[in-house]
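Please study the sequence and the model before reading each solution.

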Amino acid sequence: MAQDSPKNSAAEIPVTSNGQLDDSHEYSFNRDLKCSLPVGLGLSETKITFHGFDGAKEGVVEAGQFPSKGSSASPKSSVVSPSSAAASRLAGQGCDSIIPTGGRAQQKSGPVVLADEVKNPAMEKLELVRKWSLNTYKCTRQIISEKLGRGSRTVDLELEAQIDILKDNKKKYENILRLAQTLSTQLFQMVHTQRQLGDAFADLSLKSLELHEEFGYNADTQKLLAKNGETLLGAINFFIASVNTLVNKTIEDTLLTVKQYESARIEYDAYRTDLEELNLGPRDANTLPKIEQSQQLFQEHKEKYNKMRNDVSIKLKFLEENKVKVLHNQLVLFHSAIAAYFAGNQKQLEQTLKQFHIKLKTPGADAPSWLEEQ
């Protein structure tokens, strides 16, 4: 209902056929107009557009400068233009338009909602690439300087000595592992040959009556050697598996931590050198922020370097304890098995495997006959 009042007041203004206002209603028109104007807006600065509906006709009056109250002068100009689309526009607006002279209508804007700034994934990736490139440049420059003998590097003499010993021992353990694997392959071939030779002697023992006993003794001997060889082969393979785990898993894991420590050391020295160069330069408003940022980065990499150094020290300590324990057991096993095999002590060889909980699975071993089981 409140929206219909401006429209009705405008529609009640009579209009003549030539667009002139009726003088008898001038006072009421000016009074209604003043009530509808904003505070501080004069009649001389305003154009009025009002619409009156008379069937299918629409009246549009543009008023110029109006006289003051009590004057009988008419407006300077007026235009009447019928329009079929104005009615539909006014029906949606619900009120008359009042605009300042010489300007356009100002649209009413709704409430402005300030959304949170959305992070651009492309910008984040670009920033990561920039940091990675800068870090790579500094580390590369540090490595080149160290190789050329121009740059200084941080050295922990005790830790570096332990790392060098570990790398040297790893090469020696790898050599033992290769030789043990070669021995295992050759022993497997010998055992396979002895088993075939025993089968051949056994077959000839049945077909040669005059040499039955001789072929029989040789067949039993070769089968016994093949059986003992399979037992020794199981002990050697167990030795190889344990040493392989020690070399290629335990030691390799420690060396991986050593590589991370060396990378942290290079980064630490690179940012240390960068900070030293900035401190040697002038201190002004431009360089002070760079020095503070460099000091912060240096402190971060120093903490990372100290952490990695502690990790390497702990892993080296645990590795040494584990290495001594594993190699002690495996060396005792290897020695006992080899000695028992070549001494022909079958019971001692089997006892050695039981001592280290080694279960043999020999697919080529002869199964006992039903008479032996009885």
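**Exercise 1.** Determine how many aromatic pairs there are, and classify the pair of Phe-239 and Phe-334.

*Solution.* In this predicted model, the count comes to six aromatic pairs. For Phe-239 and Phe-334, the ring centres are 5.0 Å apart and the planes stand at 40 degrees, so this pair is tilted. Next, locate the two residues: Phe-239 belongs to helix H6 and Phe-334 to helix H7, so the pair ties together parts 95 residues apart in sequence. Finally, consider accessibility. Phe-239 has 5% relative accessibility and counts as buried, whereas Phe-334, with a relative accessible area of 25%, is partly exposed.

**Exercise 2.** Classify the aromatic pair formed by Tyr-268 and Tyr-305.

*Solution.* The centres of the Tyr-268 and Tyr-305 rings are 5.0 Å apart, with 5 degrees between the planes. Planes under 30 degrees apart count as stacked, and the pair of Tyr-268 and Tyr-305 is accordingly stacked. Tyr-268 lies in helix H6 and Tyr-305 in helix H7, 37 residues apart. Both Tyr-268 and Tyr-305 are buried. Together with Tyr-261 and Phe-298, Tyr-268 and Tyr-305 form one aromatic cluster.

**Exercise 3.** Describe how helix H6 and helix H7 are arranged.

*Solution.* The axes of H6 (residues 212–280) and H7 (residues 287–343) come within 8 Å and cross at roughly 165 degrees. Angles over 145 degrees count as roughly antiparallel, so H6 is roughly antiparallel to H7. The crossing of H6 with H7 is left-handed. By class, their contact has 31 nonpolar, 13 polar and 12 charged residues.

Key. Residues numbered from 1 in each chain as written. Predicted model: local features only at pLDDT ≥ 70, side-chain atom pairs only at ≥ 80, totals over all residues. Heavy atoms only, no water. Axes fitted to C-alpha atoms, helices over the stretch in contact; angles between N-to-C directions. Helix = DSSP H or I, 4+ residues; strand = E, 2+ residues; numbered from the N terminus. Parallel < 35°, antiparallel > 145°, perpendicular 65-115°, else oblique. Left-handed = near helix turned anticlockwise from the far one by under 90°. Nonpolar A, V, L, I, M, F, W, Y, C, P; charged D, E, K, R; others polar. Phe/Tyr/Trp six-rings, centres within 6.5 Å; stacked < 30°, edge-to-face > 60°. Buried < 20%, exposed > 50% of the residue type's maximum accessible area, 1.4 Å probe, protein only.
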